[in-house]
Amino acid sequence: MGKTTKRGLVLGIICVVLLSSAVQDISNAAVFAKTKQKTILIIGDSIAYGMALGKGTYTGVDRGNEVYWITEGGVNAGFISEELKIKVGNVMPKSVVNTFTKTDRIDLIKEVKDKKIEDIVVMLGTNYPEKKQAEKMVNTLKLIKEKTGLRVYFANLLPYVDKGYYKQREGLIKEYNTAVKEGLAKSGIRYIDLYTEVKNIDNYSNETWDGIHYTKKVYNAVFEKILDTVERVKKKIKKPANKKSRLN
């Protein structure tokens, strides 16, 4: 084999190695993009459970894999204890989505720190929209903010549509939402108005089969509202304040 041929062979091997390395780098970058750090945790009842089921389901939101979920059907404000512990599977073990931990006993303070969570969104109250539950919800939200130091949000209850499955509860839902909103005033906890968001959706009453739980169309809209609110809060915090110039 001549020198020229050998040199060409070596150069060819080098090119293949470099190309392979470049492809691997691109592949790694793609994997990294797909496994981007999640910084939002949503804790909720059957409404959040339906949203968390996955985009291939009747109710699951399309971008649900961008956040962590701790959800269970049938739970109320007591889902989060005063010690900020959560036990999933206690009420409706077959209606649970927990993408946050591998255990059903969750130490919220420890886990949000370990996973570098920045924002916690709570969606609780649908099952028992009573004044005492609203007061408990307010106290729990304040406790989460105090103990974790994170940004905390309450996503209010969605509108009730009378389909004959439940007792009329529209009045209770409005009272619950108002009580929580007033209780959170000046607390620094953000109140996300999903109730109005749903009301603004054309024919929203046709998107629920039992008057409480909705379809993917509605859940996608409210989930985007949650993400948009969190993103706007982040940008507002990161944006430096404008300082007025002083004349010497």
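**Cavities and sheet**

The lining of the largest cavity has six nonpolar, two polar and no charged residues; Ala, Val, Leu, Ile, Met, Phe, Trp, Tyr, Cys and Pro count as nonpolar, Asp, Glu, Lys and Arg as charged, and the others, Gly among them, as polar. A cavity is a set of points on a 1 Å grid over the protein atoms alone where a 1.4 Å probe fits but cannot get out, and lining residues have an atom within 4 Å of a point. Here they are Ile 47, Thr 126, Leu 158, Pro 159, Tyr 160, Ile 173, Gly 211 and Ile 212. The space in this largest cavity is about 50 Å³, a volume being the space filled by probe spheres set on the points, which are joined across faces, edges and corners.

The model is predicted: local features need pLDDT of at least 70, side-chain atom pairs count only at pLDDT 80 or more, and totals for chains, interfaces and linings use all residues. Residues are numbered from 1 along each chain as its sequence is written, and side-chain values use heavy atoms, leaving out hydrogens and water.

The second largest cavity holds about 40 Å³ of space. Among the residues that line it are Asp 45, Met 123 and Ala 155.

An open sheet of six strands runs in the order E4-E2-E1-E6-E7-E8, with mixed pairing. Strands (E, at least two residues) are DSSP runs numbered from the N terminus, and two of them pair if DSSP finds at least two bridges between them. Strand E6 (residues 119-123) pairs with strand E7 (residues 151-155) in the parallel sense over four bridges. Ile 120 has Val 152 in E7 as its bridge partner.

Notes:
1 Å grid on protein atoms, 1.4 Å probe; cavity = no way out; pocket = protein on both sides within 12 Å on 5 of 7 lines; lining within 4 Å.
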